[in-house]
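Here is a friendly walk through one protein model. Have a look at the picture first, then read on.

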Amino acid sequence: MSNSNILLQDFEYAPFSKIKTEDYKPAILEAVELARQEIDDIVTNSAEPTFKNTVEALEFSGEKLDRITSIFFNINSAETNKEIQQVAQEISPVLSEFKNDIILNKALFEKIKTVYQQKDDLGLNTEQLMLLDKKYKAFTRNGANLPEEKQEELREIDKKLASLKLKFGENVLAETNRYELPITEESKLEGLPEWFKDEAASVAKSKGKDGWVITLDYPSYIPFMKYAKNRDLRKELALAFGSRAFHNDELDNQENVLQIAKLRYQRAQLLGFKTHADFVLQERMAETPEKVNSFLNELLEKAKPAAEREFRELENFAKDLEGIVQLQKWDSAYYSEKLKQKLFNLDDEKLKPYFKLENVIDGVFTVANKLYSLNFQEIDTVDKYHEDVKTYEVTNENGEDIALFYADFHPRPGKRDGAWMTIYKNQYIKNGQNERPHVSIVCNFTKPSEKEPSLLTFNEVTTLFHEFGHALHGMLANTTYPSLSGPNVYWDFVELPSQVLENWCYEEEALQLFARHYKTGETIPQEYIDKIKESANFLEGMATVRQLSFGMLDLSWHGIDPTNVNNVKAHEKEAFEPTKLFPDVESNCMSTAFSHIFQGGYSAGYYSYKWAEVLDADAFEYFTENGIFSKNIADKFRDNILSRGGTEHPMELYKKFRGKEPNPEALLRRAGLLAK
Ligand SMILES: [Zn+2]
């Protein structure tokens with residue numbers, strides 16, 4: 001079988017065009033067996049456990065499996081079909097069982113523990129110590145150091161948590177789907193764009209109804225709140241959205257919220273942590289709940305006056321325009337949009353001609369060249385999974401091979417929404433050989449038509465820079481171990497390289513390099529650049545306080561002992577008090593539908609959105625102080641951040657780059673909330 005299955009043969013570049021869908025499953029099953037064998041070899045090795053024969057051996061095990069699954073899962077996201085989804089269904093349990101078997105492998109853990117206990121006497125370098133720590137914690141954070149009966153207890157908690165989280169998500173989904181707002185008089189849709197009405201009409205049609213139907217799905221809910229002039233309907237929809245899973249019925253999530261918070265707390269306690277947040281933050285740049293709390297509070301203290309000022313401005317605007325006396329939650333998006341139109345009058349259609357896709361790609365390559373001396377050469381010698389995919393050879397100033405870069409820009413059936421970066425082959429050093437990475441970005445930008453090339457909205461431009469920033473983190477990686485390479489870092493640190501690069505899109509000096517009218521070649525007018533900058537900070541105080549309120553709500557559940565909390569709404573109201581701008585709505589509750597933290601992986605992690613913004617603002621300030629194309633600063637960023645992956649604690653890396661810890665005021669300055 002190995003011979004005929006292309007995935008099981010040796011390859012340097014992913015052999016996309018030669019892979020048949022039926023190759024995936026047998027290849028993955030065989031690669032899992034291979035990886036199991038490699039782990040068995042570590043366990044049964046009769047020699048004394050050493051860093052090399054245990055930790056390093058574990059690190060380099062499963063290489064074949066990694067390469068095959070990275071191809072498979074990206075194809076499942078970027079070029080999927082029913083058969084591939086079926087394979088994903090079949091292999092997912094196999095892969096999670098394999099992962100579990102490693103974590104629960106006692107003999108393997110004992111060997112790692114032996115090495116870990118000698119860690120200070122082994123003469124290990126920083127990267128090796130990081131690797132050892134990471135491997136050891138992967139076991140202990142799952143209870144490997146606990147006595148048998150406590151381990152049992154932990155498994156029980158994990159089982160209960162898994163089913164509660166599932167139930168939480170199902171309830172939110174069912175509540176979202178249960179509601180609809182049917183509209184039969186077109187006058188009630190005043191203010192909404194034509195495309196929205198068409199969409200709402202087709203939703204109605206699909207439900208066998210006349211007129212229009214508005215739902216609580218984001219593509220329906222968000223534009224309605226932003227554009228619908230009818231205040232009563234906005235209120236009705238907002239109240240429905242805000243009361244999801246808060247109706248004291250079979251879909252209510254209050255009890256699930258309490259149970260999840262309590263079980264997480266118990267789990268943390270079992271493992272010797274004070275709270276769930278202490279457990280989570282052990283592997284984050286922010287480190288402790290105390291640090292996150294003071295971070296959020298410091299930002300709040302400084303952003304709140306601006307937020308209150310903006311709130312009054314918005315309320316006055318609404319009063320002048322339509323006689324609104326008290327601005328409510330359901331007015332915020334609507335009047336913000338109206339005020340934005342009045343102040344900036346900057347719509348996407350005016351900007352798009354300056355952002356032809358090819359020009360923006362040249363732009364991002366030029367920026368990477370000026371900063372990091374990288375050269376991008378399009379090549380056609382590498383296999384692709386779709387004809388739209390572009391491939392580039394990336395070299396440095398000495399012509400040395402740095403990376404292979406794939407870019408897949410346009411939507412098509414079989415590609416999921418959004419934009420992301422993925423890696424087909426990690427960078428690492430083995431047997432003295434520096435293996436260079438294969439990095440890809442996947443986006444969904446407007447396709448070129450017969451009449452027009454692909455013209456990007458400004459939002460798409462920043463998205464491209466964002467994903468390319470992640471790609472640079474992958475491409476410039478220069479570490480020994482693959483699991484510490486490139487973007488394999490603590491996840492409140494992973495958005496620094498991506499978000500920092502977005503800053504160049506707002507800079508005249510950068511825009512002049514590539515923002516040219518696709519017909520006339522004229523450079524983007526200064527007036528537009530100014531408006532882009534100004535509108536980026538529009539109502540930023542209110543937006544900041546809103547984000548902080550979510551981060552604080554998250555910590556209010558996960559940074560405490562929740563044993564005696566029994567009223568979800570009362571608890572939430574108290575947590576929101578410091579960030580409150582709008583009157584509270586008694587029939588609404590956010591926690592019962594806060595899937596990010598109760599269903600997804602963001603518990604004790606919501607703060608990281610703002611944390612990452614602070615990092616990128618503070619890092620970019622260093623560039624602006626020295627020139628946005630300063631070679632000196634770029635070198636520091638590459639040598640201490642981009643090339644170093646997770647080989648050292650991110651705060652240490654950051655201080656080496658910046659000379660000090662990140663300062664939250666940089667974000668407030670950039671947002672115009674503090675005097676420069
Ligand atoms: Zn990102």
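Setting aside residues up to four places away in sequence, Phe-405 touches Phe-365, Phe-376, Lys-390, Thr-391, Tyr-392, Val-394, Val-439, Ile-441, Phe-468, Ala-471 and Met-475; contact here means heavy atoms within 4.5 Å.

A word on ground rules: this is a predicted model, so local features need pLDDT of at least 70 and side-chain atom pairs count only at pLDDT 80 or more, while totals for chains, interfaces and linings use all residues. Residues are numbered from 1 along each chain as its sequence is written, and side-chain values use heavy atoms, with hydrogens and water left out.

## The cores

Phe-405 is also among the residues with the most contacts inside the largest nonpolar core, together with Phe-355 and Trp-504. That core has 143 residues, and helix H13 (residues 289-322) gives the most to it, with 12. A second, separate core has 56 residues, including Leu-58, Tyr-116, Trp-420 and Val-442.

A nonpolar core is a set of buried Ala, Val, Leu, Ile, Met, Phe, Trp, Tyr and Cys residues joined through side-chain atoms within 4.5 Å. Buried means under 20% relative accessible area, exposed means over 50%, and partly exposed is in between (1.4 Å probe, protein chains only). Helices (H or I, at least four residues) and strands (E, at least two) are DSSP runs, numbered from the N terminus.

## The sheet and its helices

Five strands make an open sheet with mixed pairing, in the order E3-E4-E5-E9-E6; two strands pair if DSSP finds at least two bridges between them. At the edges sit E3 (375-379) and E6 (420-425), each pairing on one side only. From one strand to the next, the twist averages 25°. Strands E4 (residues 390-395) and E5 (residues 401-408) run antiparallel and are joined by six bridges, and Thr-391 stands opposite Tyr-406 in E5.

Two helices lie across strands of this sheet. H17 lies across E3, E4, E5, E6 and E9, at about 170° to E9. For these angles, axes are lines fitted to C-alpha atoms (for helices over the stretch in contact), and values run from 0 to 180 degrees between N-to-C directions.

His-466 lies in helix H17 (residues 458-475), and Glu-495 is 29 residues away, in the loop between H17 and helix H18 (496-502).

His-466 counts as buried because its relative accessibility is 13%, whereas Glu-495, at 26%, counts as partly exposed.

## A leucine in a loop

Leu-456 sits in the loop between strand E9 (438-442) and H17. With a relative accessible area of 0%, Leu-456 is buried. Beyond its neighbours within four places in sequence, Leu-456 is in contact with Lys-352, Phe-355, Leu-357, Val-360, Phe-445 and Val-461.
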